[in-house]
Amino acid sequence: MRNLTTAILLFLSCFLVEASAAPLFYGQSYGFVVTDPARFVAAMDEYRASKAGRQSPAMPVLVQNMVNGDYSSTHQVSVFYPTTEAMDQSFALNASSPDWSKFQGEVRASAQAEWENVYAIQMAKVKKDPTTLDNAVSIVYNMTVTDAAAYVAAFETLLASDEAKAFPGNIYLGQNIASGNTPGTHFVTFVAESTGELIEHVMKIQSSSAMATYGKAVADLRTVESINMFREVKRWVPASN
């Protein structure tokens, strides 16, 4: 089965990936209040080294929250899947794995879950292989969109602007499938290799004429629910299948 690394690398050859009927990939994220970070990371390392972990097509990414609004969670784990079939394969592996049960016990001993959501990535502009980014830092704009088709068209125009093309990292547009207690239907994520680089180039986009045009186009289409920032701690890239 094609793994997530392959799925991401497929669109690295293109500067812009446009929206399509099928999502580019899928994800499930969990917010945790972590009380023992070393134990939490060790648990993830141990599980990924287990038989089920080695066979899994999923790519887990652990991040530390820098700005998190009303939420108490200190960390997030985002698990990415190239296809819905890969999600089913991962869930089946975990259901029959004693290592997964042990991992869950370690997570409960070192952290408290606060929220979770499931989503699909609909559009992306990728300049750098996400698996090779050093010190990746992200800003996420969570929003409620009332007209998805019109919003996607406006965002696609923004992505085609010179300022978006000059962004040194990656930009993603996602749609929530199930969001639990977290508000919003869509999100936009900007990822760069340092906090300074991220802020500098996001502000250049925000002050551009393309952003002003985008703002007018979506003014009645979306409400920004939150703006969060986090840094990547560790990523577990799946083995090729």
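The model is a predicted one. In the largest pocket lies about 800 Å³ of space, and a search of the whole structure also finds one cavity of 30 Å³ or more.

**Second largest pocket**

- The lining of the second largest pocket comprises 23 residues. Those nearest its centre are Y30, V77, V79, W100 and F103.
- At least two lining residues come from each of strand 1, helix 2 (37-49), strand 3, helix 4 (84-95), helix 5 (98-110) and strand 4.
- Helix 5 provides the largest share of this lining, with five residues.
- By class, the lining of the second largest pocket divides into 16 nonpolar, four polar and three charged residues.

**Largest pocket**

- A total of 37 residues line the largest pocket, and Q76, S78, V140, T189 and F230 are the ones nearest its centre.
- Two or more residues of that lining are given by each of strand 1, strand 2 (59-67), strand 3, strand 4, strand 5 (137-145), strand 6 (170-178), strand 7 (186-192) and strand 8 (222-235).
- Strand 8 makes the greatest contribution to the lining of the largest pocket, namely six residues.
- The lining of the largest pocket has 19 nonpolar residues, 14 polar residues and four charged residues.

**Strand 1 and its partners**

- Strand 1 covers residues 25-34, and eight of its ten residues are buried, so the strand is largely enclosed by the rest of the structure.
- On one pairing, strand 1 joins strand 4 (residues 111-125) in the antiparallel sense over ten bridges. Within this pairing, G27 stands opposite Y119 of strand 4, and F32 has A113 of strand 4 as its bridge partner.
- Strand 1 is also joined to strand 3 (residues 75-81) by seven bridges, and these two strands run antiparallel.
- Y30 has V77 in strand 3 as its bridge partner. Both Y30 and V77 are among the residues nearest the centre of the second largest pocket.

**Strand 4**

- Strand 4 is mostly covered, with eleven of its 15 residues buried.
- Y119 faces two partners: G27 stands opposite Y119, and Y119 in turn stands opposite N176 in strand 6.

**Helix 5**

- The 13 residues of helix 5 should span 18 Å at 1.5 Å a residue, and the end C-alpha atoms are 19 Å apart, which agrees.
- The buried residues F103, V107 and S110 belong to helix 5. Seen down the helix axis, the buried residues of helix 5 fall within an arc of 75°, so they line one face of the helix.
- An α-helix has 3.6 residues a turn, so residues three or four places apart point the same way.
- F103 is buried in helix 5 and is also one of the residues nearest the centre of the second largest pocket.
- On the face of helix 5 turned away from its buried side are the exposed residues P98 and R108.
- K102 also lies in helix 5. With a relative accessible area of 47%, K102 is partly exposed, as the limit for an exposed residue is over 50%.
- K102 and D36 are 66 residues apart along the chain, and their C-alpha atoms are separated by 16 Å.

**Largest cavity**

- Rolling a probe the size of a water molecule over the atoms shows where empty space is left.
- The largest cavity has a volume of about 40 Å³.
- The residues F155, L158, L159, A164, I171, F190 and I205 line the largest cavity.
- Helix 6 (residues 148-159) supplies the largest share of the lining of the largest cavity, with three residues.
- By class, the lining of the largest cavity has seven nonpolar residues, no polar residues and no charged residues.

Note on methods: Residues numbered from 1 in each chain as written. Predicted model: local features only at pLDDT ≥ 70, side-chain atom pairs only at ≥ 80, totals over all residues. Heavy atoms only, no water. Buried < 20%, exposed > 50% of the residue type's maximum accessible area, 1.4 Å probe, protein only. Helix = DSSP H or I, 4+ residues; strand = E, 2+ residues; numbered from the N terminus. Pairing = 2+ DSSP bridges. 1 Å grid on protein atoms, 1.4 Å probe; cavity = no way out; pocket = protein on both sides within 12 Å on 5 of 7 lines; lining within 4 Å. Points joined across faces, edges and corners; volume = space filled by probe spheres on them. Nonpolar A, V, L, I, M, F, W, Y, C, P; charged D, E, K, R; others polar. Expected span 1.5 Å × (residues − 1). Arc of directions from axis to C-beta.
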